[in-house]
Amino acid sequence: MGARELARKLNVNPGTVFRDLNSLNHAHLVKIVSEDGGRAYITDLDFLKQTVRRLVEYIESGE
């Protein structure tokens, strides 16, 4: 969904949503995609799976 739509649904400031989505994008947790002439944000599931897998390996290694 787009940032404005998300802000409306959550009843929060759109500027805050844009800032937070930008942070999530820079952390590779969400991707920006084109949708209906605008931007939409989706979870970067592949990156998230890879990150969780590495975290589990680290925890299991006992370091």
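Which residues in α1 meet which residues in α2? On the α1 side they are A3, R4, L6 and A7, and their partners in α2 are P14, V17, F18 and L21. Keep in mind that this is a predicted model, with an average pLDDT of 91 across the protein.

**How α1 and α2 pack**
- Helix α1 covers residues 3–10 and helix α2 covers residues 14–26; their axes come within 9 Å and cross at roughly 125°.
- That angle falls between 115 and 145 degrees, so α1 and α2 count as oblique to each other.
- The crossing of these two helices, α1 and α2, is right-handed.
- As for the make-up of the α1 and α2 contact, seven of its residues are nonpolar, one is charged and none is polar.

**Helix α3 and what follows**
- With 17 residues, helix α3 runs over residues 45–61.
- From first C-alpha to last, α3 reaches 24 Å, close to the 24 Å expected at 1.5 Å a residue.

- 100% of the residues score a pLDDT of at least 70.
- Confidence is highest in α3, at 95, and lowest in strand β2 (residues 38–43), at a mean of 87.

Technical notes. Residues are numbered from 1 along each chain as its sequence is written. This is a predicted model: local features need pLDDT of at least 70, side-chain atom pairs count only at pLDDT 80 or more; totals for chains, interfaces and linings use all residues. Side-chain values use heavy atoms; hydrogens and water are left out. Axes are lines fitted to C-alpha atoms, for helices over the stretch in contact, and angles run from 0 to 180 degrees between N-to-C directions. Helices (H or I, at least four residues) and strands (E, at least two) are DSSP runs, numbered from the N terminus. Angles under 35 degrees count as roughly parallel, over 145 as roughly antiparallel, 65 to 115 as roughly perpendicular and the rest as oblique. A crossing is left-handed if the near helix is turned anticlockwise from the far one by less than a right angle, and right-handed if clockwise. Contact means heavy atoms within 4.5 Å. Ala, Val, Leu, Ile, Met, Phe, Trp, Tyr, Cys and Pro count as nonpolar, Asp, Glu, Lys and Arg as charged, and the others, Gly among them, as polar. The expected span of a helix is 1.5 Å times one less than its number of residues. pLDDT is the predictor's confidence in each residue, from 0 to 100.
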